[in-house]
Amino acid sequence: MTTYSGSCHCGEVAFDVTNDLTAPIRCNCSFCRRRGAMLHRVKTGEFCLKKGKDGLSAYGSRDFSDHYFCRTCGIHVFTQVDRNGQRSVMVNLNCIDALNLDAMTPQVFDGANLI
Ligand SMILES: [Zn+2]
């Protein structure tokens, strides 16, 4: 497993994620289409918010997901998902400088039709 460091644009919010990030997704729900993020689902224990907890705001577009973004620069950093008794974190891969997103082939996640 590799540990990657990521942050919002202004640096107020920073995190580490320990996962090889080999299964990126693009979600087609109305929120994800607008923000254009490439995401990766990880276990809650694989995501560590290092800095900026107080600088985050949450936007909940569904009752099972809270999208956290930096209050200063507005960048979405991660989404906390609690669905069907399973918790996970969707990390915005665009926040990780070490990744070459152009070399990754995301699968489409059909979030638009999630009930
Ligand atoms: Zn920021």
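User: How much space lies in the largest pocket?

Analyst: The model is a predicted one. The lining of the largest pocket comprises 22 residues. The space that lies in this pocket is about 360 Å³.

User: Which element supplies the largest share of the lining of the largest pocket?

Analyst: Several elements each supply at least two residues of the lining, namely α1 (30–35), β4 (39–42), β6 (56–62), β7 (65–70), β8 (76–83) and β9 (86–92). Among the lining residues, R41, F64, V81, F109 and L114 lie nearest the centre of the pocket. The largest share, four residues, comes from β9.

User: Into how many nonpolar, polar and charged residues does the lining of the largest pocket divide?

Analyst: The 22 lining residues include R41 and F64. Arg counts as charged and Phe as nonpolar. The lining as a whole divides into nine nonpolar, eight polar and five charged residues.

User: What is the geometry of the site of the zinc ion?

Analyst: The protein donors are the SG atoms of C8, C10, C70 and C73, which lie 2.2 to 2.4 Å from the zinc ion. Ideal angles for four tetrahedral donors are 109.5 degrees. The angles among the four donor atoms are 105 to 119 degrees, and the site of the zinc ion is tetrahedral.

User: How many residues apart are C8 and C70?

Analyst: Along the chain, the donors of the zinc ion follow the spacing C-x1-C-x59-C-x2-C. C8 lies in the loop between β1 (3–7) and β2 (14–18), whereas C70 belongs to strand β7, so that the pair links distant parts of the chain, 62 residues apart.

User: Is C8 buried or exposed?

Analyst: Buried means under 20% relative accessible area. C70, another donor of the zinc ion, has 0% and is buried. Because its relative accessibility is 4%, C8 counts as buried.

Conventions:
Residues are numbered from 1 along each chain as its sequence is written. This is a predicted model: local features need pLDDT of at least 70, side-chain atom pairs count only at pLDDT 80 or more; totals for chains, interfaces and linings use all residues. Side-chain values use heavy atoms; hydrogens and water are left out. On a 1 Å grid over the protein atoms alone, a cavity is a set of points where a 1.4 Å probe fits but cannot get out, and a pocket is an open set with protein on both sides within 12 Å along at least five of seven lines; lining residues have an atom within 4 Å of a point. Grid points are joined across faces, edges and corners, and a volume is the space filled by probe spheres set on the points. Donors are N, O and S atoms within 2.8 Å of the metal (3.2 Å for Na, K and Ca); water is not among the atoms, so sites may look incomplete. Four donors count as tetrahedral if all angles lie between 85 and 135 degrees; four count as square planar and six as octahedral if opposite donors are over 155 degrees apart and all others between 65 and 115; anything else is irregular. Buried means under 20% relative accessible area, exposed over 50%, partly exposed in between (1.4 Å probe, protein chains only).
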